[in-house]
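Student: I would like to go through the labels used for this protein and the cut-offs behind them. Please take them one at a time.

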Amino acid sequence: MAIDAAAYRLILQDLSGRNVTLVAVSKTKPVTDIEQLYSLGQRDFGENYVQELTEKQPQLPGDIRWHFIGHLQSNKVKYIAPFVHMIHGVDSLNLLKEIQKQAAKNNRTIDCLLQVHVATEETKFGLDEEELNSLVQHISQHRDDFRNLRIRGLMGMASFTDNTSQVRAEFKTIKKLFSQTQPQLSSLYAFDTLSMGMSGDYAIAIEEGTTLVRIGSLLFGKR
Ligand SMILES: *Cc1c(COP(=O)(O)O)cnc(C)c1O
């Protein structure tokens, strides 16, 4: 197994000068693959499963910034809270409260993204516009309850489709929600992170204003 170093360089070229962060999504891939990409300079890695992440993390360099990008169950937050850098999939107040509790226990500040749902697939997690607005309102009115968190922005996924105009329209919707939310939270945190775009659609996401792309299979091969 080997990573695609040429693809890595091409992606970095696409991102350079645009202030877009690359998160290399290493789920299901062995630590040796992660070490290879690390040796080329990559520091941000994304994982979807708590158990897999907690097994890999101690085997790898301590300066890796781990992004949790999967669906996170409240009862598992405690396992990643000691080291996780950013949690992308926050989609409920309950989860947010648990992340706060575990971050405080570990004396840490954890960056979070609120996940919005715009794709047509029923199965994708996330908040609709109304749910987003009420969660954001709650956060801004209860600032002191969330001292150990920084809500840094939004995360979203487009539908899994070849229809690029649909993908683009969905990214535009996520960007619009981001712009609407920003004024409500930007006095509390740097609300500056928009996480959208994967292997198949990251170029469109960049055109639509993303600040972070989550790329797996282009770098590590098919899962
Ligand atoms: C797996 C995954 C990715 C990476 O997908 P690729 O198509 O392999 O680039 C990005 N984001 C999330 C939320 C994922 O689950």
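**Labels and their cut-offs**

Tutor: Strand 8 (residues 212–215) is covered on both faces, with L212 and R214 buried on one side and V213 and I215 buried on the other. This is a predicted model, in which local features need pLDDT of at least 70 and side-chain atom pairs count only at pLDDT 80 or more, while totals for chains, interfaces and linings use all residues. Residues are numbered from 1 along each chain as its sequence is written, and side-chain values use heavy atoms, with hydrogens and water left out.

Student: Why are two sides named for one strand?

Tutor: Because side chains in a regular strand alternate between the two faces of the sheet.

Student: What makes strand 1 and strand 8 a pair?

Tutor: Pairing requires that DSSP finds at least two bridges between two strands. Strand 1 and strand 8 have four bridges, in the parallel sense, so they meet the requirement. In one of these contacts, A24 has I215 of strand 8 as its bridge partner. Strands here are DSSP runs of E, at least two residues, and helices are runs of H or I, at least four, both numbered from the N terminus.

Student: Why is D111 called buried, but R150 partly exposed?

Tutor: Buried means under 20% relative accessible area, exposed means over 50%, and partly exposed is in between (1.4 Å probe, protein chains only). D111 has 2%, so it is buried; R150 has 37%, so it is partly exposed.

Student: How do you know that R150 and D111 form a salt bridge?

Tutor: The term needs a side-chain nitrogen of Lys or Arg within 4 Å of a carboxyl oxygen of Asp or Glu. For R150 and D111 the closest N and O atoms are 2.8 Å apart, so the pair qualifies. Both residues also belong to a salt-bridge network with R152 and D192.

Student: What makes R168 and E208 a link between parts of the chain?

Tutor: Their side chains meet in a salt bridge at 2.7 Å, N to O. R168 lies in helix 7 (residues 164–185) and E208 in the loop between helix 8 (202–207) and strand 8, so the pair ties together parts 40 residues apart in sequence.
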